[in-house]
Every structure is written in C-alpha cells, then in structure tokens.
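Here's a quick briefing to read with the structure open beside you. Take a look at the fold, then walk through the points below.

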Amino acid sequence: MGRRGYPTEFRRKVLDLVESGRPVVDVAKALGISDQTIYTWRRQDRIDRGLEPGLTSGERSELAAAKQRITALEAKLAVHRRAPGDVTPDLGHAEPRLGLEEERSSDGGEEDVL
C-alpha cells in the first residue's frame, strides 16, 4: 500500500489502463484521482523496470528504513550524552596495569614479566 492509501493492485490496474492507450487525464477523472499521481506512479514503474534512472521502490524502502533507524539511534545517543557520567554500570573490568614489571633472571639479564 502506498503512502496515500492506494493499494498496489489499484495502482497496477491504473497503469495498465494508461499503458493500453487511455489518456492519463481521462483515467484520472474517471477514478477521481489526480493526474499527477498517475504520472508519479508511471515514472516509478518505469524506474522499477529499469527503463529510467532513479531509486527503485525497494531501494526507496531501504533508504526510508535506514533514515528511521538513524533518527532513532541519534535520539538514543542524545539521551546518553545528557546523562550524568556516574550512571555507567560497573562492568567488572580489571584495574588497568600501569606498566610491565621487570625481573632479573639468574644470569643477570632483564626479563619482562606480564
């Protein structure tokens, strides 16, 4: 279903009428929809069939979903940025080591111990 609520089957039938030779204006008047709507559907159909350059319907859907995901992640990030620094849960990390300890081996050389 499209953004305006027209089912996919309805769009396909409208495009079939136009492709059969009926003028877009006549089809639009008979069905009570805008002729510009039909032109938009026809252009998208041509893109989907590879006859014109542009984003296919599938690509448009993916892009819209990605934009929604980005918006949600940005909102989540904004919440975390506003949160005070001391609310981070203890994750049980070990204390960081400050450096390597050195030991002398029995032959007098130095050896790094981790």
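How much accessible surface does the chain have, and what share of it belongs to carbon and sulfur atoms? It comes to about 9,700 Å², with 53% belonging to those atoms. Keep in mind throughout that this is a predicted model.

**Overall layout**
- You're looking at a chain with 4 helices and 2 strands, and from the N terminus they run α-α-α-α-β-β.
- The chain has 114 residues, and 11% of them count as buried.
- Take the contacts between residues at least 6 apart in sequence: 19% of these join residues at least 24 apart.

- Mean pLDDT for the chain is 83, and 70% of the residues reach 70 or more.
- Helix 2 (residues 24–31) is where confidence is highest, at a mean of 97, while strand 1 (residues 101–104) has the lowest, at 50.

**The nonpolar core**
- The largest nonpolar core has 9 residues: Val-14, Leu-15, Val-18, Val-24, Val-27, Ala-28, Ile-33, Ile-38 and Trp-41.
- Helix 1 (8–19), helix 2 and helix 3 (35–48) are the elements that each give two or more residues to this core.
- As a general point, nonpolar side chains in soluble globular proteins tend to be buried together.

**Trp-41 and its surroundings**
- Is Trp-41 buried or exposed? Its relative accessibility is 8%, so Trp-41 counts as buried, the cut-off being under 20%.
- Setting aside neighbours within four places in sequence, Trp-41 is in contact with Tyr-6, Phe-10, Arg-11, Val-14, Leu-15 and Ile-33.

**Aromatic pairs**
- The count of aromatic pairs comes to 3.
- Why does the pair of Tyr-6 and Phe-10 count as stacked? The ring centres are 5.5 Å apart and the planes sit at 15 degrees, and planes under 30 degrees apart count as stacked.
- Phe-10 also pairs with Trp-41, this time edge-to-face, at 6.2 Å centre to centre and 85 degrees between the planes.
- Put together, ring pairs link Tyr-6, Phe-10 and Trp-41 into a cluster.

Definitions and conventions
Residues numbered from 1 in each chain as written. Predicted model: local features only at pLDDT ≥ 70, side-chain atom pairs only at ≥ 80, totals over all residues. Heavy atoms only, no water. Buried < 20%, exposed > 50% of the residue type's maximum accessible area, 1.4 Å probe, protein only. Contact = heavy atoms within 4.5 Å. Areas by Shrake-Rupley, 256 points an atom, 1.4 Å probe, with all protein chains shown as cover. pLDDT = per-residue confidence, 0-100. Core = buried A, V, L, I, M, F, W, Y, C linked by side-chain atoms within 4.5 Å. Phe/Tyr/Trp six-rings, centres within 6.5 Å; stacked < 30°, edge-to-face > 60°.
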